[in-house]
Amino acid sequence: MKANSVGIITRLDVKDPKNIISSFVKHLSFKVKIFVDPVTAAMTGIKDVTEVDEMYADLILIFGGDGTILRTLQLLPKPTPILGINMGEVGFLTVVDPESAFYMIDDIIENFEIVERSRLAVKLNEFELPSAMNEAVIITSRPAKISRFRIYIDDKLMEDIRADGVVIATPTGSTAYAMSAGGPIVDPRVNAFIIVPLAPYKLSARPWVVPASSEIRLELLREEKESMVVIDGQYTANITKNDVLTFTKCESPAIFVKFGDKFYDLVREKLT
């Protein structure tokens, strides 16, 4: 693929002591049509600003960490290839450092390959919530309060558990909250979703890996215990008894620039 237009998005608190972002903006402005978000504009002195939800570009460069990518995915007006440039801490989605990206950007905009990552479509009753790149977390509204959840897979009862909450994760999100809660690390190429109970009050309650073609349905059973669903740490909605959450594979995956097969390297380098 070739990019004739590039959107540039920067995390609000990113530190750029070498003015790398300004160098990218200046360099690309001579080669392609560029769109910059308000943060990038403020850092580089550009007056022509484009909000993320109006960026109809061929390629998006994101300077920051994984959280910046998760926020961007919920705002982009159409599925767009993303190249994450790591200026954060861990960086499983931001897989390239700024210096390397700068020296390769000409080749990238001329010809890049893409890789698709599955997302979770989330519905609260009949209302569609934002899709999840990493996970949807269902937790009690008050910390350290246990609740009761009933989970169905394709209308078959999987588990009736008392717990602090439940994580429903994609393979991409398996190295995030789900892993911290004791879930397995899953190669992003695996077509599956992960269900991980949070502090369950039952020794037999264990993480599950289910086909991505499944419909996962979760019901909250305790009337006096209000809970919430948190999507990728970005979006929150309250849920009460008789509410039903439904999770399926999202029809539109997230799209990333293919930058080598680094998953096992990242796990080894960042999680050990």
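Trainee: What makes the contact between the side chains of Asp187 and Arg189 a salt bridge?
Mentor: The model is a predicted one, and in it the N to O distance between Asp187 and Arg189 is 2.8 Å. The cut-off is within 4 Å for a side-chain nitrogen of Lys or Arg and a carboxyl oxygen of Asp or Glu, so the pair of Asp187 and Arg189 qualifies as a salt bridge.

Trainee: Why is Asp187 called buried, and why is Arg189 called exposed?
Mentor: Asp187 has a relative accessible area of 11%, and buried means under 20%. Arg189 has 62%, and exposed means over 50%.

Trainee: What makes the contact between Glu126 and Lys123 a salt bridge?
Mentor: Their N to O distance is 3.5 Å, and the limit is within 4 Å, so the label applies to Glu126 and Lys123.

Trainee: How many salt bridges does a search of the whole structure find?
Mentor: The search finds 11. Another of these is formed by Asp13 and Arg11, with the closest N and O atoms 2.6 Å apart.

Trainee: What makes the pair of Phe24 and Phe63 edge-to-face?
Mentor: Two values settle it. The ring centres of Phe24 and Phe63 are 5.1 Å apart, and rings pair if their centres lie within 6.5 Å. The angle between the planes is 70°, and edge-to-face requires over 60 degrees. Phe24 lies in helix 1 and Phe63 in strand 3, 39 residues apart. Both Phe24 and Phe63 are buried.

Trainee: Why is the pair of Phe102 and Tyr103 also called edge-to-face?
Mentor: The centres of the Phe102 and Tyr103 rings are 5.9 Å apart and their planes are at 80°, so the pair is edge-to-face. Phe102 is partly exposed at 28% relative accessible area, whereas Tyr103 is exposed at 70%. Phe24, Phe63, Phe102 and Tyr103 form one aromatic cluster.

Trainee: How do you know that the span of helix 4 is close to the expected one?
Mentor: Helix 4, residues 98-110, reaches 18 Å from its first C-alpha to its last, and 18 Å is expected. Helix 4 also has a kink of about 60°, centred on Met104.

Trainee: What makes Asp97 a cap of helix 4?
Mentor: A side-chain oxygen of Asp97 lies 3.2 Å from the backbone nitrogen of Glu99, at the N-terminal end of helix 4.

Conventions. Residues numbered from 1 in each chain as written. Heavy atoms only, no water. Buried < 20%, exposed > 50% of the residue type's maximum accessible area, 1.4 Å probe, protein only. Helix = DSSP H or I, 4+ residues; strand = E, 2+ residues; numbered from the N terminus. Expected span 1.5 Å × (residues − 1). Bend = angle between axes of the 7 residues up to and from the residue. Polar contact = N/O pair within 3.5 Å; in protein donor to acceptor, adjacent residues only side chain to side chain. Phe/Tyr/Trp six-rings, centres within 6.5 Å; stacked < 30°, edge-to-face > 60°.
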